[in-house]
Amino acid sequence: MSNTLAQDTWRAVLGELQMCLPTSTYETYLKDTSGLAIEDNQFIISVPNAFTAEWLEKRVYHLVHKTVNKVSQEPLGVTFLISSPRPTGLPVSAKKSPKTKPSTEGLFSSNPRYDFSSFIVGPSNNLAFSASEAVALGKTTLYNPLFIYSGVGLGKTHLLLSIARKCLERGVSHLYVTSEQFTNHFISSIRQGKTDEFRAHYRNVDVLLVDDIQFLGGKEQTQEGFFHTFNDLHNSNRQLVMTSDKPPGELPSLEARLRSRFGWGLIADIQPPPLETRIAILRSKAEQMRVDVSSDVLHHIAERIVDNVRDLEGALIRVVATAQTEKAPISPTVADMALAPFLAASRNVSAALIFNAVEAVFNIPRSVLLGRKRSKEIALARQITMYFLRRELRLGFSEVGRHLGGKSHSTVMHAVRKITASMHNSPEVRERIHSVKEVITAQARLG
Ligand code: ADP
Ligand code: MG
């Protein structure tokens, strides 16, 4: 098939991927790829370097594969080929990507890094880590189920796979499934009249690990299936571990009886890591990649990428790859160059944009935010504005106060502390913060 077709198809695929992947991931790994050719039922994608190829293969192969098939309407395999950005010819040898279904075994061979020893522990993930380790070593029956929740890219899957690996080492039977796999399995078992087999499949394991349980939301019949699986296992003292992007209480589309069961054992959250942990994570990733990166560069990256570990990894890879391409040593300057696309959006953030976002989410005009009127809602909107001015623009407390029409240093400090604490203990406030953040990001991207 012609190269134009490959190019057009890939552009459409990229459009889809852009919508479902974090911007930083897309910018780092996908932006500089192109559709090369469709040959022998293989869709060949050109990628700029080995890091990118490896990352795409390991992390998003299935997503890319699924999207390619959806867009092309053909059952094509996917091959990433390292080539210069402007390909001049066709591949000499196209390495075939694995097409096997994911299983724990497969996950391990392609993700040798997922174990407890490569997980960096800090104050933000301490509880989730020690509980996972205790469960994996069979040290306690108290944490049953163990429910781990966090935002994306903070290590939930890493911990689940570490438990799986430890079970494998200890000869304990276990099963890792995403809730999507669980759902598909459940539905097909009903269709094929094999529900007994389905039950036996899950009932016979000592440790069941279910990733991203939030996706069971709204799927009533599957929830029913999961409910029975849960009971079967729990009643016979088998261990369950689940992850989710929210605590059980904030998963309203899950049945109440399921939600309440999730609280029977231990609920552990993972928060974004503080600076020291981010540096330690980068240091460990650099060691794994066998590249020498100086402390000041690690510090430089860790200061700029703050929200999640996946982005942190992406940033490091990008910095290393840029240094290689530029044939330059890995320095803060190269890091700035490499991270420019990551940081472009945040550079576009201004005080005006933050005010706009708060106005939009709270429906409170800026004049009121700057005024003296007080109600619970207005006070909250003001505090969230201060929080974002401080966080996004890294302004000092007094400077933030000036933006708010002359609030004192201590008022601002109190507001920022309060909102930071509410992130942990108030779902409503967290929801508002996320909404404001979304509007800020969306506007910054446009501008
Ligand atoms: P989640 O499942 O929460 O979205 P993942 O487990 O997929 O996140 O983590 C994203 C990436 O960050 C993975 O490559 C993982 O290895 C890495 N990671 C997350 N937390 C840590 C940590 N504390 N130490 C080392 N690597 C981590
Ligand atoms: Mg995950």
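Helices α20 and α21 are roughly perpendicular to each other, a class that covers angles of 65 to 115 degrees. The model is predicted, so local features need pLDDT of at least 70 and side-chain atom pairs pLDDT 80 or more, while totals for chains, interfaces and linings use all residues. Residues are numbered from 1 along each chain as its sequence is written, and side-chain values use heavy atoms, without hydrogens and water.

**Helices α20 and α21**
- The axes of α20 (residues 409-425) and α21 (residues 427-446) come within 6 Å and cross at roughly 110°; axes are lines fitted to C-alpha atoms over the stretch in contact, with angles from 0 to 180 degrees between N-to-C directions.
- Helices are DSSP runs of H or I with at least four residues, numbered from the N terminus.
- The crossing is left-handed, meaning that the near helix is turned anticlockwise from the far one by less than a right angle.
- I419, S422, M423, H424 and N425 of α20 meet P427, V429, R430 and I433 of α21, where contact means heavy atoms within 4.5 Å.

**Helices α13 and α14**
- Helix α13 (residues 295-304) packs on helix α14 (residues 309-326) at about 135°, with axes 10 Å apart.
- That makes α13 oblique to α14, oblique being what remains after under 35 degrees (roughly parallel), over 145 (roughly antiparallel) and the perpendicular range.
- L298, I301 and A302 of α13 touch L312, A315, L316 and V319 of α14.

**Domains**
- The assignment, automatic or from a database, gives domain 1 (3-82), domain 2 (103-270), domain 3 (275-339) and domain 4 (351-446).
- The C-alpha centres of domain 3 and domain 4 lie 31 Å apart.

Note on methods:
Chains are lettered from A and ligands numbered from 1 in the order in which they are written. Helices (H or I, at least four residues) and strands (E, at least two) are DSSP runs, numbered from the N terminus.
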